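Student: I have a new model open on my screen and would like to walk through it with you. Could we take it one question at a time?

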Amino acid sequence: MTDTILDIRGLEKTYKNGPTALGGVDLHIRRGEIFALLGPNGAGKTTLIGAVCGLVNPTGGTIEAFGKDVSRHWREVRRKIGLVPQELSFDMFDKVIRQVRYSRGMFGCAPDEARIEEVLRSLSLWDKRDEPIRKLSGGMKRRVMIAKALAHDPELLFLDEPTAGVDVELRRDMWRQIGELRERGTTIILTTHYIEEAEEMADRVGVINKGKILLTDDKTAIMGRLGRTEAHFTLEAPLSAVPDCICVYPVTLEDGGSRLVYRGGDGTGKGKREVAQLAQDLTRNNIGFTGMETTESTLEDIFVGLVENGEKELAS
């Protein structure tokens, strides 16, 4: 399904005597997708989530969720939203199962022990249900936070840095659980510092920096639009200038003319094809080289480029 479950237009948040956290954000989330919002610390990710979840009062713009204006139908909308915040938030001396029951009741849901058991089992918490939360490991405490967010069966789930401080094995286990939630029809928006997390899980990716969305698109489209190929040729003899026979390629000379560097392509394979043609042209024109190294840009490379260069990167 491609209908919009969350429609954010011109969202602004400026704190009194403080910085502008959001500067006119437009964001549209499709029902049933996993959307990864990437950005450095202070980019506005948590403020954006807080605005949707009623924890932050925007100073401008509109938010519609499930076709309703959040500012006018907050209680109705909030019942359909789950939030796993960055910070652990519960009574550390309480038992796991009581905290999850309490969370379900807070949203006005009728008691349902079968559903509570299902949620706890899905997160490998059933055997820990009567444990005081303070005795759990950091990773298990993070799972309790997810269980609390799922207790009222939200249709839209926010995961704010869900695997922060979690070891690699547990992180991959949580990715699997997120995938299972999506299969059940839950729409998921996650913020993350782990680019591999976005590559692994997300259908679409957005990049936010300094309170502004720099781009949103499918992963493959981003790679096709902003991906690059880089190839380094170690030359047998230094060149004083790029020969006319290869000047049609995006190449430069480095290391005193002893290295020929290609930077080009568009993420669709064009770069690889041009590098192969360049190698043939070098050989054909008796320009010898003793080695060649080729790399393809990753989503992380693109993310870093956008954060550092912003609109310049998009325009290049």
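Student: Which handedness does the crossing of helix 3 and helix 4 have?

Tutor: Happy to start there, and please keep in mind that this is a predicted model. Helix 4 covers residues 113–122, and its axis lies 11 Å from that of helix 3. The crossing of the two is right-handed.

Student: How are helix 3 and helix 4 oriented to each other?

Tutor: Their packing angle is about 120 degrees. Angles from 65 to 115 degrees would count as roughly perpendicular, and those over 145 as roughly antiparallel. Helix 3 and helix 4 are therefore oblique.

Student: What is the make-up of the contact of helix 3 with helix 4, by residue class?

Tutor: From helix 3 come Val-96, Ile-97, Val-100, Arg-101 and Arg-104, while helix 4 brings Glu-113, Arg-115, Ile-116 and Leu-120. Sorted by class, the contact of helix 3 with helix 4 has five nonpolar, no polar and four charged residues.

Student: Now for helix 3 and helix 5: how are these two oriented to each other?

Tutor: Helix 3 spans residues 96–106, and its axis is 8 Å from that of helix 5, at an angle of about 30 degrees. An angle under 35 degrees counts as roughly parallel. Helix 3 passes helix 5 in a right-handed crossing. The orientation of helix 3 and helix 5 is therefore roughly parallel.

Student: Which residues of helix 5 does helix 3 meet, and how does the contact divide by class?

Tutor: On the helix 3 side you will find Val-96, Gln-99, Val-100 and Ser-103, and they meet Val-144, Ala-147 and Lys-148 in helix 5. The residues of this contact divide into four nonpolar, two polar and one charged.

Student: How are helix 5 and helix 6 oriented?

Tutor: The axes of helix 5 and helix 6 come within 11 Å and cross at roughly 10 degrees. That angle makes helix 5 and helix 6 roughly parallel.

Student: Which residues of helix 6 make the contact with helix 5?

Tutor: By class, the contact of helix 5 with helix 6 has five nonpolar, two polar and three charged residues. Helix 5 supplies Gly-139, Arg-142, Arg-143, Ile-146 and Leu-150.

Student: Staying with helix 6, is Arg-171 buried or exposed?

Tutor: Arg-171 sits in helix 6, which runs over residues 168–183. Its C-alpha atom is separated by 8.9 Å from that of Glu-197, 26 residues apart along the chain. The relative accessibility of Arg-171 is 8%, so this residue counts as buried.

Student: And Glu-183, buried or exposed?

Tutor: Glu-183 is also found in helix 6. With a relative accessible area of 71%, Glu-183 is exposed.

Student: Which residues touch the most other members of the largest nonpolar core?

Tutor: In general, nonpolar side chains of soluble globular proteins tend to be buried together. The largest nonpolar core here has 46 residues, and the two that touch the most other members are Leu-120 and Leu-157.

Student: Which helix gives the largest share of this core?

Tutor: The largest share is seven residues, from residues 138–150, which form helix 5. A second, separate core has 27 residues, including Ile-5 and Phe-66. For the core you asked about, the helix is helix 5.

Student: Why is helix 1 described as largely enclosed by the rest of the structure?

Tutor: Helix 1 covers residues 45–52. Among its buried residues are Lys-45, Leu-48 and Val-52. Helix 1 is largely enclosed because the number of its eight residues that are buried is seven.

Student: Where is Asp-153, and what is its phi?

Tutor: Asp-153 is found in the loop between helix 5 and strand 7. At 38% relative accessibility, it counts as partly exposed. Its phi is positive in a residue other than glycine, with a value near 55 degrees.

Student: Which loop holds Asp-255?

Tutor: Asp-255 is not a glycine, although it has a positive phi of about 55 degrees. Its place is the loop between strand 12 and strand 13.

How values were computed:
Residues numbered from 1 in each chain as written. Predicted model: local features only at pLDDT ≥ 70, side-chain atom pairs only at ≥ 80, totals over all residues. Heavy atoms only, no water. Core = buried A, V, L, I, M, F, W, Y, C linked by side-chain atoms within 4.5 Å. Buried < 20%, exposed > 50% of the residue type's maximum accessible area, 1.4 Å probe, protein only. Helix = DSSP H or I, 4+ residues; strand = E, 2+ residues; numbered from the N terminus. Axes fitted to C-alpha atoms, helices over the stretch in contact; angles between N-to-C directions. Left-handed = near helix turned anticlockwise from the far one by under 90°. Contact = heavy atoms within 4.5 Å. Nonpolar A, V, L, I, M, F, W, Y, C, P; charged D, E, K, R; others polar.
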